[in-house]
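Visitor: I am new to protein models and would like to learn how to read one, step by step.

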Amino acid sequence: MRNFLLGLLLGIIFPPAILASLSLMGRLPINAREEPANWEKKLLQAAVARSVAHQAPVLKNPYPVTDGNLLAGLKEFHDDCDGCHGTGEKKSIWGTSDFYPRVPQFGFDPPRLPDWQIYWVLKNGIRYSGMGGNDPGISEEHAWKLAMFLSRLDSLPPAVEAEWRRRPK
Ligand code: HEC
């Protein structure tokens with residue numbers, strides 16, 4: 001029993017101690033251009049999705065879903081986000097090769113989150129990734145219209161879908 005407890009204690013102490021030593025010895029890989037492993041991507045995506053679902057308060061979008069509001073969200077996306085997340089017709093070279101984790105390309109891999117969760121992500125950002133927070137960098141109106149647009153990428157009305165898939169001027 002004593003040996004078991006000793007083993008358990010060492011098992012708990014050793015892994016973080018080894019990780020801390022490797023970090024302080026400068027041995028952790030920190031190069032962002034390397035391709036992330038599949039298991040790492042899946043684990044991180046699941047962790048981010050669950051944390052956002054757990055931590056974002058359920059808020060109601062104060063703006064009605066209209067073509068005009070969706071187009072305003074699309075404009076905001078082109079102004080602030082497409083350099084990393086790409087457009088409806090083209091991936092961002094920077095976003096797909098120079099970030100660790102890689103930046104999801106919303107024209108090909110939509111966020112599929114409800115608008116209040118997208119609102120929370122765009123205000124607060126995601127730690128240890130290239131996704132920064134935007135509070136108070138973006139007005140409430142712009143944030144909600146942008147979240148409305150991104151939460152509906154799979155079901156945009158035809159006029160907005162056409163604008164999204166068109167090459168931006
Ligand atoms: C400098 C690059 C960069 C910019 C600019 C950027 N993002 Fe991101 N974004 C990222 C990265 C990297 C991730 C992936 C983070 C992760 O998975 O840990 C991400 C993830 C997200 C996610 C979560 C997606 C998902 O499927 O879980 C949302 C939503 C998002 N960004 C919205 C935005 C919005 C809205 C803007 C513009 C206001 C924006 N981002 C601007 C880099 C960026």
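Guide: We shall look at the ligand and its surroundings, and then at one serine.

Guide: This is a predicted model, in which local features need pLDDT of at least 70 and side-chain atom pairs count only at pLDDT 80 or more, while totals for chains, interfaces and linings use all residues. Residues are numbered from 1 along each chain as its sequence is written, and side-chain values use heavy atoms, with hydrogens and water left out.

Visitor: How many residues surround the ligand, and which are the closest?

Guide: A residue is near a molecule if one of its heavy atoms lies within 4 Å of it. Here 20 residues surround the ligand, and the closest are Cys81, Cys84, His85, Ser129 and Met131.

Visitor: What lies 2.8 Å from a nitrogen atom of the ligand?

Guide: A polar contact is a pair of N or O atoms within 3.5 Å; within protein, one must be able to donate a hydrogen and the other to accept it, and residues adjacent in sequence count only if both atoms are side-chain atoms. In this model, the atom at 2.8 Å from that ligand nitrogen is an N or O atom in the side chain of His85.

Visitor: Is Ser92 buried or exposed?

Guide: Buried means under 20% relative accessible area, exposed over 50%, and partly exposed in between, using a 1.4 Å probe and protein chains only. Ser92 counts as buried because its relative accessibility is 7%.

Visitor: Which backbone atoms lie 2.7 Å and 3.4 Å from a polar atom of the Ser92 side chain?

Guide: The backbone oxygen of Gly83 lies at 2.7 Å, and the backbone nitrogen of Trp94 at 3.4 Å.
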